[in-house]
Amino acid sequence: MSLQCPACNNALSVMDVSDIVVDVCIGGCGGIWFDNFELSKVDEQHEHVGEALLDIERNPHIRLNNQEKRPCPRCPDVKMMRRFFSVARKTEIDECPSCGGIWLDAGELRAIRNEFPDEKSRKEAFDRHFQEMFGDKLDAEKQKSQETLEKARKAVNVVRFICPSYWFPEK
């Protein structure tokens, strides 16, 4: 069964790239469909398998409307969600909430591969972003927890002083 391009409605062609099979819009908009978890095999620069997908033949006269919600090629009754690929917030992708597949427009795979040289730098960027968003709140909650713990310790010490036999029962 041939899939339809969600961007330009062209028939997608199957392309076998090493250990993954993707659907590409050759001669159309140049987009690529990745089934669930396939993109992670080609999204970094050192993953040479992905180089074959960087320059899909496309029709330069095709203009796409990126504001329009697109149907999933695998789940035609489901509209894909547009989201940023990473915390770098440079590249928007379309993802199916049902099957987890990802649609990349022409040039988006190259942009994704250029965001981070490797998984380590991607994790570091995420950690920085998380700290910027939640660091102050987490620090405040940690301080509250420390204060609560200290109050509880003081209360226990008072109880131990008042009721030492409770803590040290006679045998």
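The following legends describe close-up views of a predicted model.

Because the model is predicted, local features need pLDDT of at least 70 and side-chain atom pairs count only at pLDDT 80 or more, while totals for chains, interfaces and linings use all residues. Residues are numbered from 1 along each chain as its sequence is written, and side-chain values use heavy atoms, with hydrogens and water left out.

View 1. D94 is placed in strand β5; helices (H or I, at least four residues) and strands (E, at least two) are DSSP runs, numbered from the N terminus. D94 is buried, with a relative accessible area of 3%. Here buried means under 20% relative accessible area, exposed means over 50%, and partly exposed lies in between (1.4 Å probe, protein chains only). Leaving aside residues up to four places away in sequence, D94 touches R70, M80, M81, R82, G101, I102, W103 and D105, where contact means heavy atoms within 4.5 Å. The side chains of D94 and R82 make a polar contact at 2.8 Å. A polar contact is a pair of N or O atoms within 3.5 Å; within protein, one must be able to donate a hydrogen and the other to accept it, and residues adjacent in sequence count only if both atoms are side-chain atoms.

**View 2. The salt bridge between R70 and D94.** The side chains of R70 and D94 meet in a salt bridge, with a distance of 3.1 Å from N to O. R70 lies in the loop between β3 and β4 and D94 in strand β5 (residues 92-95), so the pair ties together parts that are 24 residues apart in sequence. A salt bridge is a side-chain nitrogen of Lys or Arg within 4 Å of a carboxyl oxygen of Asp or Glu. R70 is buried, at 3% relative accessibility. A network of salt bridges links R70, R82, D94, D105 and E108.

**View 3. The salt bridge between R110 and D55.** In the salt bridge of R110 with D55, the closest N and O atoms are 2.8 Å apart. Because R110 lies in helix α1 (residues 108-115) and D55 in the loop between β3 (32-34) and β4 (81-84), the pair ties together parts that are 55 residues apart in sequence. R110 is partly exposed, at 36% relative accessibility, whereas D55 is exposed, at 63%. A search of the whole structure finds 11 salt bridges.

**View 4. Two features of helix α2.** K144 and E141 form a salt bridge through their side chains (3.4 Å, N to O). Being three residues apart in helix α2, K144 and E141 are separated by about one helical turn. K144 is partly exposed at 47% relative accessibility, and E141 is partly exposed at 43%. M133 is also placed in helix α2 (residues 119-162), and this residue is partly exposed at 45% relative accessibility. Together, F126, F130, M133, F134 and L138 make a nonpolar surface patch of about 460 Å².

**View 5. Cysteine pairs without a disulfide.** The whole structure contains zero disulfides, a disulfide being a pair of cysteine sulfur atoms within 2.5 Å. For C25, the closest cysteine sulfur is in C8, at 3.4 Å, which is too far for a bond. C25 is buried, with a relative accessible area of 0%. For C99, the closest cysteine sulfur is in C96, at 3.7 Å, again too far for a bond. C99 is partly exposed, at 26% relative accessibility.

How values were computed:
Patch = residues over 30% accessible without salt bridge, like charges linked within 9 Å, V, L, I, M, F, W, Y side chains within 5 Å. Areas by Shrake-Rupley, 256 points an atom, 1.4 Å probe, with all protein chains shown as cover.
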